[in-house]
Structure formats: structure tokens, C-alpha cells
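How may the arrangement of domains and helices in a protein chain be described? Please examine the sequence and the structure shown here before reading on.

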Amino acid sequence: MIADSLLDLIGDTPLVALRQLSPTGRTIYAKLEGQNPTGSIKDRIALAMVDAADLAPGQELLEPTSGNTGISLALVAKLRGYKLTCVMPANATPERRLVLELYGATIVDSPANEGSNGAVRLAQELAAADDRYVMLFQYANEANPRAHYEGTGAEIVRDLPRVDALVAGLGTGGTLMGTGARVREAFPGVIVAAAEPLPGDPVMGLRSLDDGYVPPILDVTKLDRKILVSNAESVVAVHALLEREGIFAGVSAGAVVHVARKIAEELPEGSTVAAVLADGGWKYLSAEFWSAVDVEESMERTLWW
Amino acid sequence: MSVVRVPPVLREEAGGAREVEASGATVRELLEDLAGRMPALGDKIYDGDEIRPYVNVYVDGEDVRTSGGLDAPVREGATVVLLPAMAGGKL
């Protein structure tokens, strides 16, 4: 395989059967999004959002992010020749800042005590004050679900002869909306299921109901199931993926596999479940939970995806 | 009787409790029962007709918005989780 640009290697990720973790008579296929160029599913939406924005000369990209989306945007911005500024809370981890800086992004700090809401607010203020900035905002950008409709979903439909359930993590809703719509077109009876993180008290404590937010691209009525997964359940599944299937996956992938196994057990024998694993475990190596006795306690201060 | 887990943002309305009890065979009955005992808490999550937009209610881990809404069944001894609707995802 020869590619002209790393961007041509985004998507077309493989599906691998989880022979050890699938309930008897059912097959769970894991779609390995960690095999994208920067190691996560966000490469797909970064490319789609940047190209849809079609920046004019002098314009620059701006996004509140300290996660996978920032790294993906940094790669796409570099190869498309755009400047990128990422707004993130001042207490984001050194690894997160360093990787973005190495890819060439500029970092602007938002107040640590305002968390991710503060990063969104500051980014909006910067974009409003300076028309050089174009804020893509993945939570409200239609190119996000479209990338999954045209990519992730189309690939699953192409590769699997039947899909009885589709499971993905719920973040912006982009993966579930886009992939779900495409898979449902091909397999009208499919169960589209969201795995949702149960946030720890310290994470939730920062929010009030007035800060409540449902991403504009998320239409909950398009989901057949929406299942809460605890940090402990996610990490148990992350360990099982590594020990029994050799797959080193991130925390949200653990939650997705937890839900995929639950739904596969409810389905009749012969059923096929597609599970979208958003990233690999590499970015979580410095986390304490790998060896923690009390996983909930060690994880509850952080939002993991 | 079911156990209802209360998020930090609603604990003041629950008299400081992390968990409260409520009974009902459906989500509607359970929320009516909760609202009867703790009106302040009930008002924050349920307007008498619908679950408020920025509140999610889960019964045994399933969001009731995708499992039958207010008519979703609640088994004896179920765990009910209340959560503020947050933007999912790490930014």
C-alpha cells in the first residue's frame, strides 16, 4: 500500500472478531479506530470539518480541546497548511499540551477551575473578538456525523454481511448519529446502542443544571439504547480486551465492549454486533487505574472521554 | 422500593443525601413518589409532565428516554441514577 499523504490513510480501519469475548454463538466485531494516523477515530471528523470549513487566506482554526480531537486537528491543520489554536484548561496534563505543541498547535489556557466549559467559553470569546478565527466546534458541526455516515458506517456495511447491533461511545454523538444512520439504512432492524460514561462526583461537582448541554448534533430519539457504564466496568473490559484478545484500547473502548457483550447476550444465537473502539490505550499510560485496587476511587476525578 | 442516586448538583434539594429511596412500578410513579416526599428535588427533575431537558434518568443503567420514557417499568430493588445532561466527551 502506498499513500500520497498521511491524510489518505484516515479511515478504512479493520474489523476484528472478538472470539474470546463474544458470548457463545454470537460474534462481536471490533472496529479498530486506534489504527488511524494519530491513533483515534477523531482523525475522521478533523479532516471532514477542516475541509468543510474551506478557510480563506489569513483565517486560522480554533477549537476548545485537550483530547483526541485536538491532536487530529493539529495533524490535519499542519498538512493542509493552516494555523491551529487549541483552548484548554490550564490544568490539562503535560502530555496533552506537549503532543499538541509538537504537532505545531498554539495553546491558549482557560481558567483551570472552569473546566471544559471554561475552555468553550474562552474559545467562543476569542472567535467573536477576532474574525481571523474559525471555530469548528465538533459538538455542533454537521461534518462530524457526516464523516461517520460516509466513512465509519459505510465501511461497516461494506465489510459485514449482517449487523444486528451497533455500539459506540457517546461523546459528541457524531459517531452514533452518522454510523448509526448508515448502518440502519442497510440493516433496518439494527439496534443502535450508546455506551455512556458514569461521571464521578468530582467531575459532576463542577457542573450545575444550568450548564446542562445536549450537543446539537445529537438526536437521542435516533438511539435504541443508551447505557451507563461505570469506570470500573470500563476498566475491567479494557483489561479483558488486552488479556484475551491482545487489543490495547482506551477507556471508552472498554465501555463499548462492556455494552456490546451485554447486548450480544440478549440477542439470539447467530447475531453479529459491531463495536466501534475509538482509540488505543497509549494516551492513558500515565493513568493510575491500570494497577489500582479501587478503580472507581482512582478514576473518579477525571472525565475519561 | 428503589434506591435513587443523587448527583452533587441536586444534593441540596435532597437534604444533602447521596442516595434517597422512592417507590413506583414505572418511572412516572417513582418520580411522583419522589416529588411527594422531596418537592424541591422533584421539581428540579420532573415538571409533572416530562423529565426536564437537562436531566437524565437511568433505571438499572438504561436511560429511560430510550427505554419507554415515563412509562418504563421499574423493578423492585432497581437502582435509579439521576445525572445532569453533560456534554459527553472530553473536549
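The structure is a predicted model. Chain A is divided into two parts: domain 1 covers residues 6-36 together with 148-295, and domain 2 covers residues 42-135. Between the C-alpha centres of domain 1 of chain A and domain 2 of chain A the distance is 25 Å. Their contact draws 13 residues from domain 1 of chain A and 10 residues from domain 2 of chain A. On the side of domain 1 of chain A that touches domain 2 of chain A, the largest share, 3 residues, is supplied by helix 5 (residues 143-159) of chain A. By class, the residues of that side of domain 1 comprise 4 nonpolar, 7 polar and 2 charged.

Attention now turns to the helices. Two packed helices are described by the angle between their axes and the distance between the axes. In chain A, the axes of helix 1 (residues 42-53) and helix 2 (residues 68-80) come within 8 Å and cross at roughly 45 degrees.

Sorted by class, the contact between helix 1 and helix 2 of chain A has 6 nonpolar, 3 polar and 3 charged residues.

Technical notes
Residues numbered from 1 in each chain as written. Chains lettered and ligands numbered in written order. Predicted model: local features only at pLDDT ≥ 70, side-chain atom pairs only at ≥ 80, totals over all residues. Axes fitted to C-alpha atoms, helices over the stretch in contact; angles between N-to-C directions. Helix = DSSP H or I, 4+ residues; strand = E, 2+ residues; numbered from the N terminus. Nonpolar A, V, L, I, M, F, W, Y, C, P; charged D, E, K, R; others polar. Domains from an automatic or database assignment. Contact = placed C-beta atoms within 7 Å.
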